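Work through the exercises below with the model open. Each task is followed by its solution.

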Amino acid sequence: IFSACRKLHSCQDALEAELCACKEGLSIAVQRCNSPITVEMDSINAVNLIRSKTVDRSIYAHLVQEIKQLAGTVSACITHVPRSCNAASDRLASYAGTSNRTVTWLGSGPLEVLDISSEDCKDIIVE
């Protein structure tokens, strides 16, 4: 449906980057489609923060709350997948870092990411 990447100019650590990416992707998806949304993240810590029912008192509480609010507006599922199963997101992160830009491709993406996405989806069985 779309691909996106953003250069983060200030970021505490990898967890904050994961949460920012989740928020950005979910925000775009909520605006662009009415279908159920699945967000696959390779950070189990980020997934646990988002899924937690307890009050978040971490330094990321504001990001987690925004993600929960966005997810609550649609049928959204936040899941953990190993990094090896989502090479496209890693490639987009590298692209943002090396190109020093923020980009959204609607209905597409950079060719190298599209090729990787095809590989990521090869093992998916639709019943």
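Axes are lines fitted to C-alpha atoms, for helices over the stretch in contact, and angles run from 0 to 180 degrees between N-to-C directions. Helices (H or I, at least four residues) and strands (E, at least two) are DSSP runs, numbered from the N terminus. This is a predicted model: local features need pLDDT of at least 70, side-chain atom pairs count only at pLDDT 80 or more, and totals for chains, interfaces and linings use all residues. Residues are numbered from 1 along each chain as its sequence is written, and side-chain values use heavy atoms, with hydrogens and water left out.

**Exercise 1.** Describe the packing of H1 and H2.

Step 1. Two packed helices are described by the angle between their axes and the distance between the axes.
Step 2. H1 spans residues 14–32 and H2 residues 44–51; the angle is about 60° and the axes lie 9 Å apart.
Step 3. Angles under 35 degrees count as roughly parallel, over 145 as roughly antiparallel, 65 to 115 as roughly perpendicular and the rest as oblique. H1 and H2 are therefore oblique to each other.

**Exercise 2.** List the residues that make the contact of H1 with H2.

Step 1. Contact means heavy atoms within 4.5 Å.
Step 2. H1 contributes Leu15, Glu18, Leu19 and Cys22; H2 contributes Asn45, Ala46, Leu49 and Ile50.

**Exercise 3.** Summarise the protein chain.

Step 1. Five helices and four strands make up its secondary structure.
Step 2. Read from the N terminus, the order is β-α-β-α-α-β-α-β-α.
Step 3. Of contacts between residues at least 6 apart in sequence, 78% join residues at least 24 apart.
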